[in-house]
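Here is my note on this model, written as numbered points. Please keep the sequence and the 3D view open as you read.

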Amino acid sequence: QVQLVESGGGLVQAGGSLRLSCTASGYHLSSYHMGWFRQAPGKEREFVAVTRCCGGTTDYSDSVKGRFTIDRDSAKNTVSLQMNTLKPEDTAVYYCNADGLERGLGAYWGRGTQVTVSS
């Protein structure tokens with residue numbers, strides 16, 4: 001059974017940092033594009049960052065570029081999101097995503113972890 005479990009969310013003051021982790025089980029994430037998305041109250045889920053499989057590139061939304069860093073650890077089967085210089089507008093539920101559709105694999109979501117940034 002494929003599962004993604006996020007951790008590391010919490011409450012932090014503006015300007016602070018958090019590190020989110022996503023641990024995969026039931027498959028190895030090396031064959032998947034691994035991404036982070038977020039959804040704020042009353043808004044649609046939006047893309048945050050992605051690290052593409054197989055030696056591919058990373059990409060970020062303009063709103064987090066230069067502040068967030070995505071990284072995968074294939075040995076631990078995890079992907080992390082280091083978030084620095086957090087702003088109140090970063091407050092959202094953050095979701096981990098594994099996308100293997102291009103390779104004929106499935107696509108999966110974690111249940112999310114809450115990040116709250118106070119002003």
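**Cysteines, strands and core**

1. Cys54 is exposed, because its relative accessible area is 52%. Buried stands for under 20% relative accessible area, exposed for over 50%, and partly exposed for values in between (1.4 Å probe, protein chains only). Cys53 has 10%, so Cys53 is buried.

2. A word on the basis. This is a predicted model, in which local features need pLDDT of at least 70 and side-chain atom pairs count only at pLDDT 80 or more, while totals for chains, interfaces and linings use all residues. Residues are numbered from 1 along each chain as its sequence is written, and side-chain values use heavy atoms, with hydrogens and water left out.

3. How many disulfides does the structure hold? It holds one. A disulfide here is a pair of cysteine sulfur atoms within 2.5 Å. The partners are Cys22 and Cys96, with sulfur atoms 2.1 Å apart. They connect distant parts of the chain: Cys22 lies in strand β3 (residues 18–25) and Cys96 in strand β9 (residues 92–99), 74 residues apart. Strands are DSSP runs (E, at least two residues), numbered from the N terminus.

4. Is this disulfide left-handed or right-handed? The torsion about the S-S bond of Cys22 and Cys96 is about -80 degrees, so the disulfide is left-handed. Cys22 counts as buried because its relative accessibility is 1%. Cys96 counts as buried too, at 0%.

5. Now take β9. Six of its eight residues are buried, so β9 is largely enclosed by the rest of the structure. Strands pair if DSSP finds at least two bridges between them. Strand β4 (residues 33–39) runs antiparallel to β9, joined by seven bridges. Phe37 has Tyr95 of β9 as its bridge partner.

6. Three bridges join β9 to strand β11 (residues 113–118), antiparallel. There, Val93 stands opposite Gln114. Three bridges also join β9 to strand β10 (residues 107–109), again antiparallel. Asn97 has Trp109 of β10 as its bridge partner.

7. Which residues of the largest nonpolar core touch the most other members? They are Met34, Trp36, Leu81, Met83 and Tyr94, out of 28 residues. Such a core is a set of buried Ala, Val, Leu, Ile, Met, Phe, Trp, Tyr and Cys residues joined through side-chain atoms within 4.5 Å. Strands that each supply at least two residues of this core include β3, β4, β9 and β11.

Note on methods:
Helix = DSSP H or I, 4+ residues; strand = E, 2+ residues; numbered from the N terminus.
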